[in-house]
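Subject: Structure for your review

Hello,

Here is the structure we discussed, with the sequence alongside.

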Amino acid sequence: AVTGFNPTSADYRNNTCIPFALLKTERNGPFDMQIIDPQSGQVVFETKNVDNPWDGMDMRTNQMVPVNSTYIWRVNIYQKALGEPSSRYQGTITRI
């Protein structure tokens, strides 16, 4: 997964956040993704649909998150691929 994105970018590849592995057509299984504010532990965004990636909006306030703020992303996969080591992944993402 990428570590930064710019919601105001004109390049669609850089203006939302969703781990690339979820976009692979062979994946095509149920998952959920959460974006978490590390300071409060609250969920800023959640989705179960690859067509609904995070665009930087905080669902708690309906406002864009601040520039240079970092969040935790978590993904739970409900149908692991053959040989996949885990069903839960996480990392960080910074809004640039």
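Asp 11 and Arg 13 form a salt bridge, with 2.9 Å between the closest N and O atoms. This is a predicted model. Asp 11 is partly exposed, at a relative accessible area of 23%, while Arg 13 is exposed, at 60%.

The count of salt bridges is three. Another of them pairs Arg 60 with Asp 37, at 3.5 Å from N to O. This pair links distant parts of the chain, 23 residues apart: Arg 60 sits in the loop between β4 (57-58) and β5 (63-64), and Asp 37 in the loop between β2 (31-36) and β3 (43-47). Arg 60 has a relative accessibility of 35% and counts as partly exposed. Asp 37, at 14%, counts as buried because the cut-off for buried is under 20%.

Arg 60 also meets Asp 58 in a salt bridge, here with an N to O distance of 2.6 Å. Asp 58 is buried, with a relative accessible area of 6%. Through shared partners, the salt bridges join Asp 37, Asp 58 and Arg 60 into one network.

The largest pocket holds about 280 Å³ of space. It is lined by 16 residues, of which Tyr 12, Arg 13, Thr 16, Ile 18 and Leu 23 are the closest to its centre. Two elements, β1 (4-5) and α1 (20-23), each give two or more residues to the lining. By class, the lining comprises 11 nonpolar, four polar and one charged residues.

Regards

Technical notes
Residues are numbered from 1 along each chain as its sequence is written. This is a predicted model: local features need pLDDT of at least 70, side-chain atom pairs count only at pLDDT 80 or more; totals for chains, interfaces and linings use all residues. Side-chain values use heavy atoms; hydrogens and water are left out. On a 1 Å grid over the protein atoms alone, a cavity is a set of points where a 1.4 Å probe fits but cannot get out, and a pocket is an open set with protein on both sides within 12 Å along at least five of seven lines; lining residues have an atom within 4 Å of a point. Grid points are joined across faces, edges and corners, and a volume is the space filled by probe spheres set on the points. Helices (H or I, at least four residues) and strands (E, at least two) are DSSP runs, numbered from the N terminus. Ala, Val, Leu, Ile, Met, Phe, Trp, Tyr, Cys and Pro count as nonpolar, Asp, Glu, Lys and Arg as charged, and the others, Gly among them, as polar. A salt bridge is a side-chain nitrogen of Lys or Arg within 4 Å of a carboxyl oxygen of Asp or Glu. Buried means under 20% relative accessible area, exposed over 50%, partly exposed in between (1.4 Å probe, protein chains only).
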